[in-house]
Amino acid sequence: MSRAVRFVLAFVLFFAAWATLLFHNRTLPDLVLPPVFDKIIPVIPLWLLVTFGSYSLANIGWALVTFGDCPDAQASLLKEIQAAKMDLRSRGVSVD
Amino acid sequence: MNIDVMSPPKYSVLLPTYNERQNLPIIVWMLVKTFTEAGLDFEIIIIDDNSPDNTLEVAKQLQRVYGNQKIVLRPRPGKLGLGTAYVYGIESSTGNFVIIMDADMSHHPKFIPEFIKHQQKHNYDIVTGTRYVSGGGVHGWDLRRKLTSRVANYLASVLLNPGVSDLTGSFRLYKKEVLAELIARTKSKGYVFQMEMMVRARQLRHTIAEVPITFVDRVYGESKLGASEIVGYLKGLWGLFLDI
């Protein structure tokens with residue numbers, strides 16, 4: 001099963017469960033829920049979407065702030081390039 | 001298996017080049033230095049795609065200096081893509097392990113002994129360099145480039161769950177037969193190629209170790225990341241999402 005198929009399956013299962021709860025008066029007539037649930041259930045998908053978005057932004061933002069720099073690596077590379085050029089020239093390799 | 005244990009391992013470095021006349025002699029010099037100091041058996045296979053700047057001529061000079069045991073030349077008539085360059089290189093390689101890296105000096109050979117140490121510790125199939133963990137890093141990228149790279153990696157980790165932190169990196173050590181198997185199964189090109197290799201490796205249950213590396217954006221020449229590369233990446237990511 002490909003990743004895409006698994007994603008679609010998860011979505012279908014979730015929305016089926018959500019729709020069942022949303023219309024629980026008709027789908028599950030024996031289920032008795034406190035009235036507050038009828039206010040919460042309709043906004044669950046939106047809440048999940050916003051949560052996922054916030055998580056994504058926070059994740060990318062944090063990764064961006066902590067992005068490692070390595071100026072020392074560049075400095076030592078430039079020195080090494082000079083040493084390499086000197087040695088290579090002395091052996092007859094054309095370097096600019 | 002027994003042969004592997006008894007004879008010391010040999011490492012083949014594959015360097016696909018296109019217009020790397022300035023970089024090639026220096027990267028080869030640094031490779032030779034690293035391997036010699038570490039006392040490791042190696043060869044460098046240069047696959048040049050008929051560079052207009054005559055990279056091949058410099059490669060021949062290097063072969064005269066270091067010998068045709070250490071420097072192997074496998075020129076090709078034109079730009080034929082990274083995947084086929086690796087296949088071509090593997091065919092001529094006499095090592096048990098293959099190291100792939102960029103020839104533009106953004107990958108420093110000093111990390112290779114660390115790759116090898118990690119590989120030997122648990123007999124990993126693949127060791128991959130990562131810029132995105134503590135100890136690793138990138139020099140020479142502006143904010144836009146960093147953001148692009150972070151978003152690209154985040155998208156891939158959500159969609160593909162690859163278990164590797166640096167998917168688009170291309171500084172890696174492979175067991176030769178593992179690399180050959182992965183290339184045979186990989187369909188993508190460009191940035192997605194390296195990513196697909198990792199995802200396929202996970203699918204085939206190969207073991208992968210990560211080593212932090214520093215990445216210095218190319219000193220000579222230009223590194224390109226334009227709109228067409230980004231679109232290509234997204235298309236490739238979507239293709240993998242449907243395929244894996």
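# Chatting through a two-chain predicted model

Modeller: About 3,300 Å² is buried between chain B and chain A, and carbon and sulfur atoms give 68% of that. Buried area here is the accessible area (1.4 Å probe) that two parts lose on being put together, summed over both.

Biologist: Before we go on, what sort of model is this, and how is it numbered?

Modeller: It's a predicted model, so local features need pLDDT of at least 70 and side-chain atom pairs count only at pLDDT 80 or more, while totals for chains, interfaces and linings use all residues. Residues are numbered from 1 along each chain as its sequence is written, chains are lettered from A and ligands numbered from 1 in the order in which they are written, and side-chain values use heavy atoms, with hydrogens and water left out.

Biologist: Ok, back to the interface. How many residues does the contact take from chain B and from chain A?

Modeller: 41 from chain B and 35 from chain A, where contact means heavy atoms within 4.5 Å. Trp29(B), Arg150(B) and Tyr154(B) supply 20% of the area that chain B buries against chain A, more than any other three residues.

Biologist: What's the salt bridge count between the chains?

Modeller: The count is 1. Glu80(A) and Lys33(B) meet there through their side chains, at 3.9 Å, N to O. The rule wants a side-chain nitrogen of Lys or Arg within 4 Å of a carboxyl oxygen of Asp or Glu.

Biologist: Switching to chain A on its own. How is it divided?

Modeller: Into domain 1 (1-32) and domain 2 (42-90), with bounds from an automatic or database domain assignment. Taken over C-alpha atoms, the centres of these two domains of chain A are separated by 39 Å. The contact takes 4 residues from domain 1 of chain A and 4 residues from domain 2 of chain A.

Biologist: And how much area gets buried between those two?

Modeller: About 310 Å², of which carbon and sulfur atoms give 89%. On the domain 1 side of chain A, Phe14(A), Trp18(A) and Leu22(A) supply 89% of the area buried against domain 2, more than any other three residues.

Biologist: Which residues of chain A does UniProt mark as "transmembrane region"?

Modeller: The unreviewed entry gives residues 43-65 of chain A. UniProt positions are in the numbering used here, feature names are shortened, and annotations may be inferred rather than shown by experiment. In the model that span is 96% helix and 0% strand, with its end C-alpha atoms 33 Å apart. Helices (H or I, at least four residues) and strands (E, at least two) are DSSP runs, numbered from the N terminus.

Biologist: Now chain B. What's the strand order in the sheet?

Modeller: It's an open sheet of 7 strands, β3-β2-β1-β4-β7-β5-β8, with mixed pairing. Two strands pair if DSSP finds at least two bridges between them.

Biologist: Why are β3 and β8 of chain B left without a neighbour on one side?

Modeller: β3 (71-73) and β8 (208-212) of chain B stand at the edges, so each has a single partner strand.

Biologist: How do β5 and β7 of chain B run?

Modeller: Antiparallel, with 3 bridges joining β5 (residues 126-130) to β7 (residues 172-175) in chain B. Val127(B) stands opposite Leu173(B) in β7(B).
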